[in-house]
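Here are some notes to read alongside the model. They are set out as numbered points, each on one topic.

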Amino acid sequence: MYYLPMATLTEPNLMRLYLRHCVVGFGLSALFVGLLLWFDIGHLGRLIAGSDIGLLAVFLLWFFHGTVFGSVQFAVMVMLKTDKDNDDTDQGTLVPAAVRAGSGRI
């Protein structure tokens, strides 16, 4: 996992990072679809094996799950990335505010 400041990620590095996570997502998708068919969840394996367009169905399952898993993989990496030079640490001082509790109805 990469923990680089956003300024050091140039466009080719960012694209390489995205493609690397897409490959991981498509690998996870192949594993997921293989397990889905192996354990015959919802009789999906039997349905695909008995169909004349079963290979198309397997390809579409793999492709669309791969896009979802790859995108989620990349999004999690981006959200977990930290910037070391974050200068927003000064939150100021907190001052308690007096609030009067009203007994009347609005």
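1. Which residues of H3 are buried? The model is a predicted one, and in it the buried residues of H3 are Gly54, Leu61, Gly66, Gly70, Phe74 and Met77. Two of these, Leu61 and Gly66, come up again under the contacts of serine 29.

2. Helix H3 covers residues 54-80.

3. Serine 29 sits in helix H1, which runs over residues 11-38. Its relative accessibility is 0%, and therefore serine 29 counts as buried; the cut-off for that class is under 20%. Leaving aside residues up to four places away in sequence, serine 29 touches Leu61, Trp62, His65, Gly66 and Phe69.

4. A polar atom of the serine 29 side chain lies 3.2 Å from the backbone nitrogen of glycine 66. Glycine 66 is itself among the buried residues of H3, and serine 29 is buried as well.

5. Leucine 36 also belongs to helix H1. With a relative accessible area of 15%, leucine 36 is buried. Apart from residues up to four places away in sequence, leucine 36 touches Ile41 and Leu44. Ile41 is also one of the residues of the surface patch described in the next point.

6. A nonpolar patch on the surface is formed by Val24, Leu28, Leu31, Leu35, Trp38, Phe39 and Ile41. Together these residues have about 760 Å² of accessible area. One of them, tryptophan 38, is in helix H1. Tryptophan 38 has a relative accessible area of 69% and is exposed, because the cut-off for that class is over 50%.

7. How many salt bridges does a search of the whole structure find? The search finds 1. Arginine 46 forms a salt bridge with aspartate 40, and the closest N and O atoms of the pair are 3.4 Å apart. Arginine 46 counts as exposed, at 54% relative accessibility, whereas aspartate 40, at 22%, counts as partly exposed.

Notes:
Residues numbered from 1 in each chain as written. Predicted model: local features only at pLDDT ≥ 70, side-chain atom pairs only at ≥ 80, totals over all residues. Heavy atoms only, no water. Helix = DSSP H or I, 4+ residues; strand = E, 2+ residues; numbered from the N terminus. Buried < 20%, exposed > 50% of the residue type's maximum accessible area, 1.4 Å probe, protein only. Polar contact = N/O pair within 3.5 Å; in protein donor to acceptor, adjacent residues only side chain to side chain. Contact = heavy atoms within 4.5 Å. Patch = residues over 30% accessible without salt bridge, like charges linked within 9 Å, V, L, I, M, F, W, Y side chains within 5 Å. Areas by Shrake-Rupley, 256 points an atom, 1.4 Å probe, with all protein chains shown as cover. Salt bridge = Lys/Arg side-chain N within 4 Å of Asp/Glu carboxyl O. Expected span 1.5 Å × (residues − 1).
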